[in-house]
Amino acid sequence: MDSHDQSESIILYAPEASAKIVSTQRPRTEAKWTFWLLTAGISTTFGAAIPTGYNIGVINAPANFIKDWCNETIFETYGTVLTEGELDTFWAVVVSIFLIGGVVGSLGGAWLADRLGRKRSYLTCGFLLVLGGICFQFCRAVSSVELLLLGRVLVGLAAGLTTSTVPMYLTELAPIELRGALGVFCSMGVTGGVVVGQILSLEEIFGTDELWQFALSFYVLLVITFFVPYHWLPESPKYLYVIKQKRDEAINEIKRLGGKNVKDEYIKQQIESMRSEDIPNSISDDEETQRSKPKQRSLWSVLTDPTLTLPLILVCALQGGQQLSGINAVFFYSVSIFESVGLSSTNAKFANLGAGCLNLFVAFFTPMLMEKFNRRFLALLSCAMCAVFLFALTFVVYFINHVSWFSYASIIAILLYILFYQIGLGPIPYFIGSELFEVGPRPAAMAMGSISSWGCNFLVAMLFTTLQSAWGAFVFLPFTVTCVLLTLLLKYYLPETRGRHISSIVPLVSNGFRSKPLVPWS
């Protein structure tokens with residue numbers, strides 16, 4: 001794809017800000033999947049990412065049963081009978097408080113990632129998920145709607161923490177060649193978790209009046225099972241080397257991650273890449289002075305640093321745009337579209353589940369896509385084609401009653417939208433922050449991106465039904481516009497990051513919107 005796939009640039013900054021750049025090329029040893037890389041990827045995916053998606057997908061099918069229980073419990077506890085409108089409002093709180101928890105959890109992700117480390121942040125995710133599951137399991141036994149709400153808050157906090165820290169943890173473990181492939185494990189997990197939650201909450205399984213609490217809490221079995229290897233998982237070498245200044249421990253983790261037959265050349269390359277991030281882009285202090293300074297960056301210092309403005313906008317636009325592209329709205333609306341072609345309500349729900357399975361099926365190929373294709377190409381193709389098929393969906397849904405075959409055209413538009421969404425806009429936002437930011441500001445940047453994602457998710461959840469009632473088919477136009485604007489932003493300002501060391505990417509976007517990230521740079 002480009003020369004950076006075969007060699008690594010080590011950048012040394014000269015006294016003139018980004019004026020003199022010395023680049024040395026070193027042949028890169030071939031990266032390979034090792035036991036601890038796979039173990040970390042599988043553990044975090046099944047232990048945190050899938051439960052995050054599970055809690056998104058599980059709540060819809062048994063909603064009526066849970067609402068009836070809430071109404072009865074509130075009456076028994078407080079002697080208050082909720083009207084239909086009040087019950088709908090209360091249920092909206094139950095659903096949306098998870099998203100609010102996601103925002104708060106994302107905000108705390110930056111602090112935890114630096115204070116506790118990447119690995120312990122993952123442990124915190126698991127702890128919150130288990131506590132939430134316990135609340136779900138016993139809320140009915142003790143007749144407490146408060147316990148149900150607390151459970152939703154706890155899993156929301158865990159979800160925000162997961163999306164802000166787990167992709168960062170995985171990309172810092174991986175060698176450059178496998179950074180994208182390992183980084184999409186979190187995206188795959190969330191996508192798969194939604195489908196698993198939808199399946200287990202069907203009336204044929206746990207989605208009944210007697211068993212809905214088991215549907216809500218079932219994911220805890222995954223968390224407990226896949227946290228078994230936690231004690232032996234490696235900590236991020238970059239965190240140890242740059243943030244904690246524990247050089248020997250970092251080198252030991254590199255050796256473990258590299259496998260039994262790891263070569264000295266590979267270890268040297270990893271140390272050089274960490275060393276380049278250990279020397280900030282500064283023009284005033286010598287190297288030793290810079291090394292003695294703390295490498296942690298507060299959220300405020302990242303937000304106010306003009307050299308980080310453009311990459312921060314890119315991360316937040318991608319994560320927020322992922323939600324404002326309308327993926328959740330499309331899944332919400334697809335049931336009624338499937339019904340329009342003659343499917344029963346039950347069959348339409350199964351067809352909607354099939355669309356979710358397509359989303360998951362495509363997600364399984366994303367590690368290979370991230371390894372073989374450039375990020376810019378996949379992101380631009382994904383955003384542009386999502387805009388095309390969202391506009392097509394708007395058009396055919398508006399005229400669906402006038403042209404008989406438009407019902408089938410709408411289904412095709414939905415399936416193609418899902419296909420193109422999952423090759424770029426679905427997975428890339430989760431880890432792109434780890435490729436645009438060095439170790440110091442990375443936790444804050446990932447936290448801001450995660451906040452943008454959960455905030456926009458909350459916005460869509462709150463407004464979509466109202467806008468759908470007012471606008472009809474035209475409700476998809478704002479999502480179309482989002483995809484168009486995102487395509488333009490990425491076309492002009494997203495640098496290619498695949499196979500390139502972060503120290504060679506940071507200067508490309510350090511000059512705000514005056515940056516020229518697409519100019520050949522060596």
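**Charge, pairing and burial**

Analyst: D68, E72, E76, D209 and E210 form a negatively charged patch on the surface. The model is a predicted one.

User: Where is E210 found, and is E210 buried or exposed?

Analyst: E210 is in the loop that links helix 7 (185-200) to helix 8 (212-217). E210 counts as exposed because its relative accessibility is 52%, and the cut-off for exposed is over 50%.

User: Which residues gather in a patch of positive charge?

Analyst: That surface patch of positive charge consists of R115, R120, K244 and K246. K246 sits in the loop between helix 10 (237-243) and helix 11 (247-258). With a relative accessibility of 37%, K246 is classed as partly exposed.

User: Next, salt bridges. How many does the structure hold?

Analyst: The general idea is that side chains of opposite charge can pair when their charged atoms come close. In this structure there are eight salt bridges. One of them joins the side chains of K67 and D88, with an N to O distance of 3.0 Å. K67 belongs to helix 2 (residues 63-78) and D88 to helix 3 (residues 84-115), so this pair ties together parts 21 residues apart in sequence.

User: Are K67 and D88 buried or exposed, or in between?

Analyst: K67 counts as buried, at 16% relative accessibility. D88 is partly exposed, at 37%.

User: Which residue forms a salt bridge with D305?

Analyst: The partner of D305 is R297, and their closest N and O atoms are 3.0 Å apart. D305 is buried at 17% relative accessibility, while R297 is partly exposed with a relative accessible area of 27%. Elsewhere, salt bridges with shared partners connect D114, R118, E172 and R442 in one network.

User: Now the cysteines. How many disulfides does the count come to?

Analyst: In general terms, a disulfide is a covalent bond between the sulfur atoms of two cysteines. To be counted, the two sulfur atoms must lie within 2.5 Å. Here the count is zero disulfides.

User: Last, helices. How many of the residues of helix 21 are buried?

Analyst: A general point about the α-helix is that it has 3.6 residues a turn, so residues three or four places apart point the same way. In helix 21 (residues 428-436), nine of the nine residues are buried, so this helix is largely enclosed by the rest of the structure.

User: Which are the buried residues of helix 21?

Analyst: They are I428, P429, Y430, F431, I432, G433, S434, E435 and L436.

Note on methods
Residues are numbered from 1 along each chain as its sequence is written. This is a predicted model: local features need pLDDT of at least 70, side-chain atom pairs count only at pLDDT 80 or more; totals for chains, interfaces and linings use all residues. Side-chain values use heavy atoms; hydrogens and water are left out. Patches are made of residues with over 30% relative accessible area and no salt bridge: like charges are joined within 9 Å, nonpolar side chains (Val, Leu, Ile, Met, Phe, Trp, Tyr) within 5 Å. Accessible areas come from the Shrake-Rupley method with a 1.4 Å probe; for residues, only the protein chains shown count as cover. A salt bridge is a side-chain nitrogen of Lys or Arg within 4 Å of a carboxyl oxygen of Asp or Glu. Lys and Arg count as positive and Asp and Glu as negative; His and the chain ends are not counted. The place of a charge is taken as NZ of Lys, CZ of Arg, CG of Asp or CD of Glu. Helices (H or I, at least four residues) and strands (E, at least two) are DSSP runs, numbered from the N terminus. Buried means under 20% relative accessible area, exposed over 50%, partly exposed in between (1.4 Å probe, protein chains only).
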